[in-house]
Amino acid sequence: RTYKLFKQFADAMMGGSFDDSFGEAPLRQTLQQDMAALRDLIANEMALVEGQEWLDEKRELQALALLEQQILDVVREFEAAHALLEAGRRDKAWVMLRGTLERSIDEDFSRLVRQLIEEEEQEVAAIDEAAAAMITKVRWLAAALAVAAIIATGTFLSGLMARLQQPLRALVDGMARLSVGDFGQRIAVSGRDEFAQLANGLNAMADQLQRHSLQANAARDDLERVVSQRTKELQDANRALQGSDNARRRLFADIS
């Protein structure tokens, strides 16, 4: 949209109708809304992070302000060139316009946009890495809990094996299901002896493991959704940049 605004300014100057009739005012208003939306997104991110990540988001906010200032500076250069054109100083006006197109837009503005996109790419890569590390940590935690459950249950079963075979087999079957990740099954409990207490403990452990499994899956889904969203945003930004570059090429083609 910024490149479109710049192209409309240039077309208007060449056509001699530098006013709001070509849609500059609505487009400028849309750009202001875009900047406000970006600031809100960064503010939301700053509310969720701290430390170095908070400082990184603050730098993004400063970079966004710099980008907005560059847009305003380019608009002022267009307006100044148009004022020279209106005053009859055509040569100086076209020199200023050429400088605006080549320096302010193609060099300064484009470089800043590329820099911001590169920073977002690095942030997405960091999110991917953090997501992979968290998924690995969750997997190790689930494995550790399963191993701990097996060891604890084996210790209990070794002391009770000689007492009652039937409840013991029930406990063994229940642990076998837990060891393969079947956290939805529960051991039938009867009486109030040590076997019943152990069965209650195993059922509670199964509940905890099931909750951890659900939380791990939810965390993984959330991370995958965030990564997918940021990747889509980056792809959209790349497409927008490509569209902007095409618009710039058309601009120079029109100028030529």
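**Note on a predicted all-helix model**

1. Of the 256 residues in the protein, 30% are buried. The coordinates are those of a predicted model, and the points below should be read with that in mind.

2. Secondary structure. The protein has six helices and zero strands. Read from the N terminus, the order of elements is α-α-α-α-α-α. Taking the contacts between residues at least 6 apart in sequence, 65% join residues that are at least 24 apart.

3. The largest pocket. Rolling a probe the size of a water molecule over the atoms shows where empty space is left. The largest pocket found in the protein has a volume of about 2,000 Å³. Two or more lining residues are given to this pocket by each of helix 1 (2-15), helix 2 (24-48), helix 3 (52-86), helix 4 (90-160) and helix 6 (194-255). The largest share comes from helix 4, with 14 residues.

4. Lining of the largest pocket. In total, 47 residues line the largest pocket, and those nearest its centre are Leu38, Glu60, Glu120, Arg230 and Glu233. By class, the lining of the largest pocket has 27 nonpolar, 15 charged and five polar residues.

5. The lining consists of 17 residues, with Val138, His212, Ser213, Ala216 and Asn217 lying nearest the centre. Helix 4 and helix 6 each give at least two residues to this lining. Here the largest share is that of helix 6, which supplies nine residues. Eleven of the residues in the lining of the second largest pocket are nonpolar, four are polar and two are charged.

6. Salt bridges in general. Side chains of opposite charge can pair when their charged atoms come close. The count for the protein comes to 14 salt bridges.

7. Glu45 and Arg230. These two residues form a salt bridge in which the closest N and O atoms are 3.3 Å apart. Glu45 belongs to helix 2 and Arg230 to helix 6, so the pair ties together parts that are 185 residues apart in sequence. What are the burial states of the two partners? Glu45 has a relative accessible area of 23% and is therefore partly exposed. Arg230 has a relative accessible area of 11% and is buried, because buried means under 20%.

8. Glu120 counts as partly exposed at 25% relative accessibility.

9. Asp236 and Lys232. The side chains of this pair meet in a salt bridge of 3.0 Å, N to O. How far apart are Asp236 and Lys232 in helix 6? They are four residues apart, about one turn of the helix. Asp236, at 29% relative accessibility, is partly exposed. Lys232 is also partly exposed, with a relative accessibility of 48%.

10. Ala199. This residue has its place in helix 6. Ala199 is buried, with 2% relative accessibility. The C-alpha atom of Ala199 is separated by 8.9 Å from that of Ala170, a residue 29 residues away along the chain.

Key
Residues are numbered from 1 along each chain as its sequence is written. This is a predicted model: local features need pLDDT of at least 70, side-chain atom pairs count only at pLDDT 80 or more; totals for chains, interfaces and linings use all residues. Side-chain values use heavy atoms; hydrogens and water are left out. Buried means under 20% relative accessible area, exposed over 50%, partly exposed in between (1.4 Å probe, protein chains only). Contact means heavy atoms within 4.5 Å. On a 1 Å grid over the protein atoms alone, a cavity is a set of points where a 1.4 Å probe fits but cannot get out, and a pocket is an open set with protein on both sides within 12 Å along at least five of seven lines; lining residues have an atom within 4 Å of a point. Grid points are joined across faces, edges and corners, and a volume is the space filled by probe spheres set on the points. Ala, Val, Leu, Ile, Met, Phe, Trp, Tyr, Cys and Pro count as nonpolar, Asp, Glu, Lys and Arg as charged, and the others, Gly among them, as polar. A salt bridge is a side-chain nitrogen of Lys or Arg within 4 Å of a carboxyl oxygen of Asp or Glu.
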